[in-house]
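Me: I'd like to go through this structure with you. Can we take it piece by piece?

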Amino acid sequence: MREQVVSGGGRFMRSRPKHTSLIQNPHLDGAPFFWHGGPVGILLFHGFATTTSEVRLLARFLHGQGYTVAAPLLPGHGTTPQEMNRCCWQEWAEAGTRAYRELSAVCKQVFVGGESLGGLLALYTAIVHPEVTGVLTYAPALLLTSRTRSVWARLLAPFVPISKKPPSRPSHADAYWQGYTVRPVHAAAELLRLQHEVRTHLPEISQPLLVVQGRLDRTVSPQIPALLSCESGAPWVEVHWMADSGHCVLLDSEWEQVARLSQAFIERRVARCN
């Protein structure tokens, strides 16, 4: 059964969540949203196997500053791991493009951003739509740590569609993160394919980039900021390291600092464009 979610004028489709025992923090709001504000729009993409709960703290902050903010719920997310395993990266990219077109229809300038997988989608959207004003990436999953790569390589077998997640350190983000308590392995392979697609086209990025990463991140490589600085075509790359944050920098203990840094980046870019 499908339901239509209309939030602040935006229209997105999503599936009703099922089997909430496989979803951490099922009480949180993970639905897509579209919050009207001023003429500058911010499109935010959530990460792998999570929901829009991952970007809501930042979204509320930016909306409070007068921006129009939107976030789609990506295909296969917020439903079941099995449904996510039936999705390919092109479906996530298409969902991002639809959301971008809807936001750009009502905003004069649009920034795209996201965390982890969402950061990859933000980069992909900026490549496909060079008119994007700027890109906000938070621990973008452009390159995984060797530990993570080895785990996925071991599990990416046709007979292991779903696996247990490796243990992670407790963090401030745990209470605000909503997503699958297991890893959809086939979907993880699609993330790796999207990685390759974005990495191949990095020189085509023509927008300024914001890169925020946690020093305690054990999921993505610490080489990512340098990689984006060297391989992308961005006119400038602004990098910030969060000393006490892990992978989910938008939910961890320093998220408010991340939000202020994001606002400052957006304001600087808008000022240069005007």
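Reply: Two strands pair if DSSP finds at least two bridges between them. Helices (H or I, at least four residues) and strands (E, at least two) are DSSP runs, numbered from the N terminus. In E12, Thr 137 has Val 211 as its bridge partner.

Me: Where do the numbers come from?

Reply: This is a predicted model: local features need pLDDT of at least 70, side-chain atom pairs count only at pLDDT 80 or more, and totals for chains, interfaces and linings use all residues. Residues are numbered from 1 along each chain as its sequence is written, and side-chain values use heavy atoms, with hydrogens and water left out.

Me: How many bridges join E8 to E12, and how do they run?

Reply: Four bridges, and the strands run parallel. E12 spans residues 209-214.

Me: And E7 to E8?

Reply: Five bridges join them, again in parallel. E7 covers residues 109-115. Val 112 is bridged to Val 135 in E8. Between E7 and E8 the chain passes through helix H4 (residues 117-128), and this β-α-β crossover is right-handed. That means that, with the strands pointing away from the viewer, the path from the first strand over the helix to the second runs clockwise.

Me: Is E8 covered on one face or both?

Reply: Both faces are covered. Gly 134, Leu 136 and Tyr 138 are buried on one side, Val 135 and Thr 137 on the other. Five of the five residues in E8 (134-138) are buried. Buried means under 20% relative accessible area, exposed over 50%, partly exposed in between (1.4 Å probe, protein chains only).

Me: What's in the loop between H4 and E8?

Reply: His 129 lies there. His 129 has a relative accessible area of 10%, so it is buried. Beyond residues up to four places away in sequence, His 129 touches Thr 97, Tyr 100, Arg 101 and Gln 207. Contact means heavy atoms within 4.5 Å.

Me: Next loop. Where is Pro 208, and what does it contact?

Reply: Pro 208 sits in the loop between H6 and E12. Pro 208 counts as buried because its relative accessibility is 0%. Neighbours within four places aside, its contacts are Thr 133, Gly 134, Val 135, Pro 235, Trp 236, Phe 265 and Arg 269. Its C-alpha atom is 5.9 Å from that of Val 237, 29 residues apart along the chain.

Me: Which residues of H7 are buried?

Reply: In H7 (residues 224-231), they are Ile 224, Pro 225, Leu 227 and Leu 228. They cover an arc of only 165° around the axis, so they are on the same side of H7. The arc is that of the directions from the helix axis to the C-beta atoms.

Me: What do they pack against?

Reply: The buried residues of H7 pack against H4, E8, helix H6 (185-200), E12 and strand E13 (237-242).

Me: Switching to rings. How many aromatic pairs?

Reply: Four. Rings of Phe, Tyr and Trp (its six-membered ring) pair if their centres lie within 6.5 Å; planes under 30 degrees apart count as stacked, over 60 as edge-to-face and the rest as tilted. Phe 33 and Trp 35 are stacked, because their ring centres are 4.1 Å apart and their planes are at 20°.

Me: Are those two buried or exposed?

Reply: Phe 33 is buried, at 1% relative accessibility. Trp 35 is buried too, with a relative accessible area of 15%.
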